[in-house]
Amino acid sequence: MYTRERDVAVAAAHEAGAIIRRYYDGEIEVHDKGERGPVTAADLDANQTIHAAISAAFPTDGWLSEETADSTERLSKRRVWVVDPLDGTKEFIQHIPEFCVCIALVQDGAPVVAVEYNPAAHRLYAAVRGGGTTMNGERVHVSTTADVAQAVVMASRSEDRRGEWDPFKPHCKVTLTGSVAFKLAELARGQGDATFTLTPKNEWDICAGTLLVQEAGGTVTGLEGEPLVFNQPSPLRPGMIASNGVLHEGLRDLIARVGPPPKR
């Protein structure tokens, strides 16, 4: 099931990744989107490439992307593609190789196909609901760390600069890592034990990675432990916890104990 959808997404991710890699190896021209952060020609060209591939293959599906003006039309669709053509633009600009192309198919609010591609490291992560997660075609699994104090928790550099991770550093092994999609992909292959954010994130940041982690044996929820539901009227989600599963309740307890109130 969803074999064609996965194959189209993989091909689109590779094509978008080739575009991004050309910019990465050359000169990067940056524009400011204001509160939404920077954008580059790589973001826009990759988005156009992915949109063309998906819409040609599945013309009746909905579409939600960071780099496309949103439309309420998607809310009437059972199937919606949720895309970030370049998650980690800040890392990309700084030549930190921790960014990803993200493509997910959501059906009835849940991701059923996920593809992430890191063109800097040539790593392609893919998952289909019920079929496990692979990296470059090989099955991957989350870690087995069970003690929060020993857990490697991947954190946002920008959140750390704002001091948001200071309360957690005495309680786990905080490791500064790239974009949220990159963190989720690495978590799915057992590189790190967890990640969480109390800062709101958009669906396109976390949708593909949610399925990658789940199909690798991990758990992804909202801050209260609730399932994440995608293709909502507002794409902004209030926060997220992702873990190898065995750490999940311990992390929720830690956040409740030492963390600030979540941002709304």
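**Reading the sheet, the helices and the cores**

Modeller: Strands E7 (residues 123-128) and E8 (residues 133-135) pair in the antiparallel sense, over 3 bridges. Ala126 has Thr134 in E8 as its bridge partner. Keep in mind that this is a predicted model.

Biologist: How do I read the whole sheet, and in what order do its strands come?

Modeller: Strands of a sheet pair through backbone hydrogen bonds, either parallel or antiparallel. Here 7 strands form an open sheet with mixed pairing, in the order E3-E4-E5-E6-E7-E8-E9. Strand E3 (62-65) and strand E9 (138-140) are the edges, each pairing on one side only. On average, neighbouring strands are turned by 20 degrees against each other, direction ignored.

Biologist: Which strands does helix H1 touch as it packs on the sheet?

Modeller: Helix H1 (residues 3-24) touches strand E4 (79-87), strand E5 (100-107), strand E6 (110-118) and E7, and its direction makes about 30 degrees with that of E6. Helix H5 (residues 180-188) lies across E4, E5, E6, E7, E8 and E9, and runs at about 100 degrees to E6.

Biologist: How do the axes of H5 and H6 lie to each other?

Modeller: Two packed helices are described by the angle between their axes and the distance between the axes. The axes of H5 and H6 come within 8 Å and cross at roughly 5 degrees. The two helices are therefore roughly parallel, angles under 35 degrees being counted that way. Among the residues making the contact are Leu184, Ala185 and Ala188 of H5 and Ile206, Gly209 and Leu212 of H6.

Biologist: Which residues have the most contacts inside the largest nonpolar core?

Modeller: In soluble globular proteins, nonpolar side chains tend to be buried together. The largest nonpolar core in this model has 34 residues, and those with the most contacts inside it are Val82, Leu184, Ile206, Leu212 and Met240. At least two residues come from each of E4, E5, E7, H5, helix H6 (203-215) and strand E16 (240-243). A second, separate core of 33 residues includes Tyr24, Ile28, Leu105 and Leu124.

Biologist: Is Thr195 buried or exposed?

Modeller: Thr195, in strand E12 (residues 194-197), counts as buried because its relative accessibility is 2%, and the cut-off is under 20%. A polar atom of the Thr195 side chain lies 2.7 Å from the backbone oxygen of Met154. Leaving aside neighbours within four places in sequence, Thr195 has contacts that include Val153, Lys183, Leu184 and Met240.

Notes
Residues numbered from 1 in each chain as written. Predicted model: local features only at pLDDT ≥ 70, side-chain atom pairs only at ≥ 80, totals over all residues. Heavy atoms only, no water. Pairing = 2+ DSSP bridges. Helix = DSSP H or I, 4+ residues; strand = E, 2+ residues; numbered from the N terminus. Axes fitted to C-alpha atoms, helices over the stretch in contact; angles between N-to-C directions. Contact = heavy atoms within 4.5 Å. Buried < 20%, exposed > 50% of the residue type's maximum accessible area, 1.4 Å probe, protein only. Polar contact = N/O pair within 3.5 Å; in protein donor to acceptor, adjacent residues only side chain to side chain. Core = buried A, V, L, I, M, F, W, Y, C linked by side-chain atoms within 4.5 Å. Parallel < 35°, antiparallel > 145°, perpendicular 65-115°, else oblique.
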